[in-house]
Amino acid sequence: MTTLNQSFTVDYRFDLHFTSDCFAPDHDLLAGVLAGPTPGARPARALVYLDQGVVERSPDLPRRIHAWFGVHEPRGVSLAAVPEIVAGGEEGKLDLAIVDRIGRRAAEVGLCRHSFIIIIGGGGVLDAVGFAASLIHRGVRQVRLPTTTLAQCDAGLGVKNAINACGQKNFLGTFTPPWAIINDARFLETLDARSWRAGISEAFKVAIIKDATFLTGLVEAASRLARRDPASMAWLIERCARLHLDHIANGGDPFERGSSRPLDFGHWSAHQLEILSQHRLQHGEAVAIGVALDLLYAADLGLIGQRQVLPVLDALLTCGFRLWDEVLDLRDASGRRQVLAGLVRFREHLGGDLSLAMPDGLGQRCDLHAFDEDRFERCATALRRITALHGPAARQGSAEASTPR
Ligand SMILES: NC(=O)c1ccc[n+]([C@@H]2O[C@H](COP(=O)([O-])OP(=O)(O)OC[C@H]3O[C@@H](n4cnc5c(N)ncnc54)[C@H](O)[C@@H]3O)[C@@H](O)[C@H]2O)c1
Ligand SMILES: [Zn+2]
């Protein structure tokens with residue numbers, strides 16, 4: 001018998017830029033990203049995909065993009081075709097149709113491996129078009145312009161692409177780092193209240209398990225965030241983005257080969273709530289509920305104190321999140337809450353062993369390898385009571401009486 005040992009590493013680098021109005025005619029950040037530092041290099045060709053929700057609120061965007069490429073053509077950047085619009089949100093992630101559509105287009109225009117696919121949209125569009133881009137020529141360079149708060153602080157920064165399939169969130173996907181990401185604050189201006197709020201829950205998620213100082217700042221900023229203060233959101237996005245990027249670069253497992261997903265605190269239930277609600281709940285809204293449930297679970301276990309949990313729940317409510325949804329009441333034939341099926345899926349996804357990220361004191365994380373459904377039931381009942389109360393003062397007083405022991 002002969003065995004040849006093989007081992008190599010691949011160095012990934014990409015930049016996250018923060019700017020505003022990057023399709024203003026004289027704004028040349030994107031030109032630098034596409035053309036690279038070498039003068040006289042081969043012209044960079046790009047296909048552009050736009051989230052329908054973005055275009056509905058900014059109808060002149062396709063024309064502005066076209067005009068921008070016209071201005072910057074001397075720098076060696078060109079459009080391979082007119083910008084195309086794709087369905088926003090989960091609708092674009094429904095099935096493999098997006099791969100077929102973008103693959104055909106790339107073949108028609110003769111897109112080469114060194115060309116770019118520029119993706120402008122929320123997390124749904126970034127995931128779906130990014131998935132297609134990662135398959136064409138086994139990976140065309142992706143430049144992402146996230147257009148929601150959640151995508152700018154989380155979904156747009158990572159190395160994962162996916163579509164929903166076989167009844168599961170993100171069931172088909174790849175690990176493909178982007179070429180670059182541009183967080184353009186101007187896109188956030190057209191978000192509706194729900195999508196503007198949605199990214200806040202991911203910031204709480206990562207702060208609770210990684211950064212107590214950030215969490216304190218988020219609790220203090222809750223009423224400003226509720227008033228849609230752009231400076232508070234810019235601060236949140238940058239802090240949250242830094243934590244996510246640091247985790248990918250320094251967490252030791254960027255492609256999640258191990259059996260835990262440390263940044264998925266609160267997500268085992270969130271993904272299931274999205275599915276149970278048939279995506280009526282947005283990802284960030286479901287994450288807020290999932291974070292609240294797991295915070296109460298951690299408190300019931302004694303990992304954190306009740307007094308630490310209540311201000312965080314209060315802040316999430318102040319930001320405008322609903323921390324209870326009727327799909328939490330759905331039960332299967334045996335009377336078990338259907339959300340608990342999310343645990344089975346999460347375990348399958350991780351490779352068979354359950355590993356749930358939980359706070360171990362605020363700002364720190366531990367992994368749980370067992371889950372007590374009776375404990376969860378107490379926490380769900382407590383969360384329902386907490387969210388039924390109106391007004392922060394009433395919530396605070398009654399919550400202390402109604403949280404689990
Ligand atoms: N790949 C990852 O690492 C990762 C991480 C977190 C979440 N996600 C995924 O991201 C998705 C959620 O993304 P999201 O919260 O960005 O929302 P979304 O993509 O679902 O978009 C929500 C809605 O906002 C619209 N929209 C987007 N930008 C807009 C703008 N600037 N103005 C007006 N409307 C706009 C969209 O058309 C859509 O209708 C989920 O599918 C989730 O699974 C992926
Ligand atoms: Zn998430």
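Modeller: Start with the term we need: a helix axis is a line fitted to C-alpha atoms over the stretch in contact, and angles between N-to-C directions run from 0 to 180 degrees. The model is predicted.

Colleague: How are two packed helices described?

Modeller: By the angle between their axes and the distance between the axes. Take helix H7, residues 193-210, and H11. Their axes are 7 Å apart, at an angle of about 35°.

Colleague: Is the crossing of H7 and H11 left-handed or right-handed?

Modeller: Left-handed. On the H7 side, the contact residues include Ala198, Phe204 and Ile208. H11 contributes, among others, Ala288, Val291 and Leu295.

Colleague: Now the core. How many residues does the largest nonpolar core have?

Modeller: A nonpolar core joins buried residues of nonpolar types through C-beta atoms within 7 Å. The largest one here has 114 residues. Val129, Ala292 and Leu316 have the most contacts inside this core.

Colleague: Which helix gives the most to this core?

Modeller: H11, residues 283-301, with twelve residues. The core also draws at least three residues from each of domain 1 and domain 2.

Colleague: What does Leu316 touch?

Modeller: Leave aside residues up to four places away in sequence. Leu316 then touches Phe204, Ala288, Ala292, Phe321 and Leu323.

Colleague: Where do the domain bounds fall?

Modeller: The domain assignment gives domain 1 as 15-190 and domain 2 as 195-402. Their C-alpha centres lie 29 Å apart. The contact takes 20 residues from domain 1 and 26 residues from domain 2.

Colleague: Which elements give two or more residues to the side of domain 1 that touches domain 2?

Modeller: Strand S1 (15-19), helix H6 (149-155) and strand S8 (168-175). H6 has the largest share, five residues.

Colleague: Step back to the whole chain. What would the radius of gyration of a compact globule be with 405 residues?

Modeller: Near 22 Å, and the protein has 22 Å, which agrees. The C-alpha trace spans about 70 × 65 × 40 Å along its principal axes. There are 15 helices and eleven strands.

Colleague: What share of the residues counts as buried?

Modeller: 45% of the 405 residues. For contacts, look at sequence separation. Of those with a separation of 6 or more, 76% join residues 24 or more positions apart.

Notes: Residues are numbered from 1 along each chain as its sequence is written. Chains are lettered from A and ligands numbered from 1 in the order in which they are written. This is a predicted model: local features need pLDDT of at least 70, side-chain atom pairs count only at pLDDT 80 or more; totals for chains, interfaces and linings use all residues. A residue is buried if 20 or more other C-beta atoms lie within 10 Å of its own, exposed if 12 or fewer, and partly exposed in between; C-beta atoms are placed from the backbone. Helices (H or I, at least four residues) and strands (E, at least two) are DSSP runs, numbered from the N terminus. Domain bounds come from an automatic or database domain assignment. Two residues are in contact if their C-beta atoms, placed from the backbone, lie within 7 Å. The radius of gyration is taken over C-alpha atoms; the globule rule is 2.2 Å times the number of residues to the power 0.38. A crossing is left-handed if the near helix is turned anticlockwise from the far one by less than a right angle, and right-handed if clockwise.
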